[in-house]
Amino acid sequence: MRAVTEPLPQKLAGAWADLVATARRTTDEGLVVGTSGNVSVRVGDTVLVTPSGVPYHRLGPADAVGVDLGGRRLLGALRPTSELPMHLAVYRATGARAIVHTHAVHATAVSTLVTELPLVHYMAAVLGGPVRVAPYALYGSEELARHTLDALRDRTGCLLRNHGTLTYGATLDQAYDRTAQLEWMCRVWLAARSVPGLSPALLSREELAEAAGKLRDYGPRP
């Protein structure tokens with residue numbers, strides 16, 4: 001195990017700095033409270049993760065925590081996040097390079113009401129389709145990790161019942177953006193369904209598929 005006082009290799013140091021910035025962003029933008037939620041990034045076969053119970057604004061280079069895909073500690077002295085089993089399960093089963101897990105208010109509320117987020121907006125296509133809700137299991141458990149993988153089948157994000165959200169991506173920015181989009185869609189649905197006597201209009205699977213095709217060409221091009 002690398003001593004905590006040793007400087008990190010440049011590649012890991014940059015990834016850790018980006019991870020800390022993303023973790024702080026989840027707090028700054030109201031997606032987590034206190035030390036809830038967690039963030040990780042994969043660099044080769046090393047997974048850097050936020051430590052357990054440490055406020056994100058206190059994290060610095062000496063606080064880096066890294067494990068291999070089996071959970072064996074590779075660097076750092078702090079204890080990894082309690083949700084490490086869930087993060088590692090996603091890395092082993094998908095092409096994820098970064099994961100963001102939050103306790104976002106609107107998404108957590110929706111997780112208590114439905115088994116799948118209704119298709120209130122076409123941005124569900126960014127997550128691969130209708131967003132499923134993983135059944136409740138104790139946080140940090142292997143059971144929760146299994147439920148999460150089931151909910152993520154052909155998706156890049158899911159809700160966790162009575163818990164929060166998990167999204168992944170090729171980069172921390174992409175994983176975070178997917179988290180933010182998911183929270184926003186949950187907020188829209190809750191706002192629409194709160195109007196007495198009216199029900200939200202929902203998209204069909206065909207309309208979502210059409211939007212997904214168009215979104216593939218979205219963004220700047222050289």
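**Sheet, covering helices and salt bridges in the predicted model**

Helix H5 (residues 172–193) lies across S1, S5, S7 and S8 and runs at about 145° to S8, where axes are lines fitted to C-alpha atoms, for helices over the stretch in contact, contact means heavy atoms within 4.5 Å, and angles run from 0 to 180 degrees between N-to-C directions. Helices (H or I, at least four residues) and strands (E, at least two) are DSSP runs numbered from the N terminus. The model is predicted, so that local features need pLDDT of at least 70 and side-chain atom pairs count only at pLDDT 80 or more, while totals for chains, interfaces and linings use all residues. Residues are numbered from 1 along each chain as its sequence is written, and side-chain values use heavy atoms, with hydrogens and water left out.

Eight strands form an open sheet of mixed pairing in the order S4-S3-S2-S1-S5-S8-S7-S6, two strands being paired if DSSP finds at least two bridges between them. The edge strands are S4 and strand S6 (133–134), each of which pairs on one side only. Strand S7 (residues 157–160) and strand S8 (residues 164–169) run antiparallel and are joined by four bridges; Gly 157 has Thr 167 in S8 as its bridge partner. Helix H1 (residues 10–28) lies across strand S1 (38–43), strand S2 (46–49), S4 and strand S5 (98–102), and its direction is at about 160° to S1.

Side chains of opposite charge can pair when their charged atoms come close. A search of the whole structure finds four salt bridges, each defined as a side-chain nitrogen of Lys or Arg within 4 Å of a carboxyl oxygen of Asp or Glu. One of them joins Glu 29 and Arg 25 at 3.1 Å, N to O. With buried meaning under 20% relative accessible area, exposed over 50% and partly exposed in between (1.4 Å probe, protein chains only), Glu 29 is partly exposed at 46%, and Arg 25 is partly exposed at 34%. In another salt bridge, the closest N and O atoms of Arg 42 and Asp 45 are 3.2 Å apart; Arg 42 is buried at 16%, whereas Asp 45 is exposed at 52%.

Asp 68, found in the loop between strand S3 (66–67) and strand S4 (73–75), meets Arg 72 in a salt bridge (3.2 Å, N to O). Asp 68 is buried at 18% relative accessibility, while Arg 72 is exposed at 55%. A polar atom of the Asp 68 side chain also lies 2.9 Å from the backbone nitrogen of Gly 70. When residues up to four places away in sequence are not counted, Asp 68 touches Asp 45, Leu 74 and Leu 88.

Definitions and conventions: A polar contact is a pair of N or O atoms within 3.5 Å; within protein, one must be able to donate a hydrogen and the other to accept it, and residues adjacent in sequence count only if both atoms are side-chain atoms.
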